[in-house]
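This briefing covers a few local features of one protein chain. Please look at the sequence and the model first.

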Amino acid sequence: QVQLVESGGGSVQAGGSLRLSCAASGYTSSSNFISWFRQAPGKEREGVAAIYTGNGNTIYARSVQGRFTISQDNAKNTVYLQMNSLKPEDTARYYCAAELRAARWSDPGGYNYWGQGTQVTVSS
């Protein structure tokens with residue numbers, strides 16, 4: 001059974017940094033997308049970044065381009081999201097998702113597996 005477990009969330013001031021981790025177990029696909037999404041209260045879940053595990057190619061939402069970096073450690077079956085220069089508008093619950101079955105990486109309805117999320121709060 002596939003499990004995705006996020007960690008690394010917390011509270012920081014604007015301009016600070018956090019690194020989120022998504023540890024995958026029972027996941028056998030060697031070439032597919034693992035992505036980070038976020039959802040703020042009252043807002044739709046939005047795609048933040050994705051990595052194609054087969055070759056390490058990455059994609060970012062325009063709102064985080066240049067500030068966030070997604071990476072993978074295959075030995076640890078873990079995907080990371082390094083978040084720098086955080087802004088109050090980055091405040092949300094962050095989720096990782098695996099195994100894309102839709103046409104767009106940013107489609108929240110297009111993944112087979114989801115973690116429970118980790119909260120990120122950025123104060124001004």
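In the hairpin of β4 and β5, six residues lie between the strands, and G42 takes a positive phi near 80 degrees. The model is a predicted one.

**Strand β5 and its partners**

- Strand β5 spans residues 46–52, and five of its seven residues are buried, so the strand is largely enclosed by the rest of the structure. Buried here means a relative accessible area under 20%.
- On one side of the pairing list is strand β4, residues 33–39, which pairs with β5 in the antiparallel sense over six bridges.
- Within this pairing, W36 stands opposite A49 of β5.
- Strand β6, residues 58–60, also runs antiparallel to β5, and three bridges join these two strands.
- I51 has T58 in β6 as its bridge partner.
- The hairpin formed by β5 and β6 has five residues between the strands, and G56 in its turn has a positive phi of about 80 degrees.

- D107 sits in the loop between β9 (92–100) and β10 (111–114).
- Is D107 buried or partly exposed? Its relative accessible area is 23%, so D107 is partly exposed; the cut-off for buried is under 20%.
- Once neighbours within four places in sequence are left aside, D107 is in contact with F37 and A102.
- A polar atom of the D107 side chain lies 2.9 Å from the backbone nitrogen of G109.
- D107 and E46 are 61 residues apart along the chain, while their C-alpha atoms are separated by 7.9 Å.

- Most residues other than glycine have a negative phi.
- N77 is a residue other than glycine with a positive phi, near 50 degrees.
- The position of N77 is in the loop between β7 (68–73) and β8 (78–83).
- With a relative accessible area of 46%, N77 is partly exposed.
- E99, also a residue other than glycine, has a positive phi near 65 degrees.
- Where does E99 lie? E99 lies in strand β9.

Notes. Residues are numbered from 1 along each chain as its sequence is written. This is a predicted model: local features need pLDDT of at least 70, side-chain atom pairs count only at pLDDT 80 or more; totals for chains, interfaces and linings use all residues. Side-chain values use heavy atoms; hydrogens and water are left out. Buried means under 20% relative accessible area, exposed over 50%, partly exposed in between (1.4 Å probe, protein chains only). Helices (H or I, at least four residues) and strands (E, at least two) are DSSP runs, numbered from the N terminus. Two strands pair if DSSP finds at least two bridges between them. Contact means heavy atoms within 4.5 Å. A polar contact is a pair of N or O atoms within 3.5 Å; within protein, one must be able to donate a hydrogen and the other to accept it, and residues adjacent in sequence count only if both atoms are side-chain atoms.
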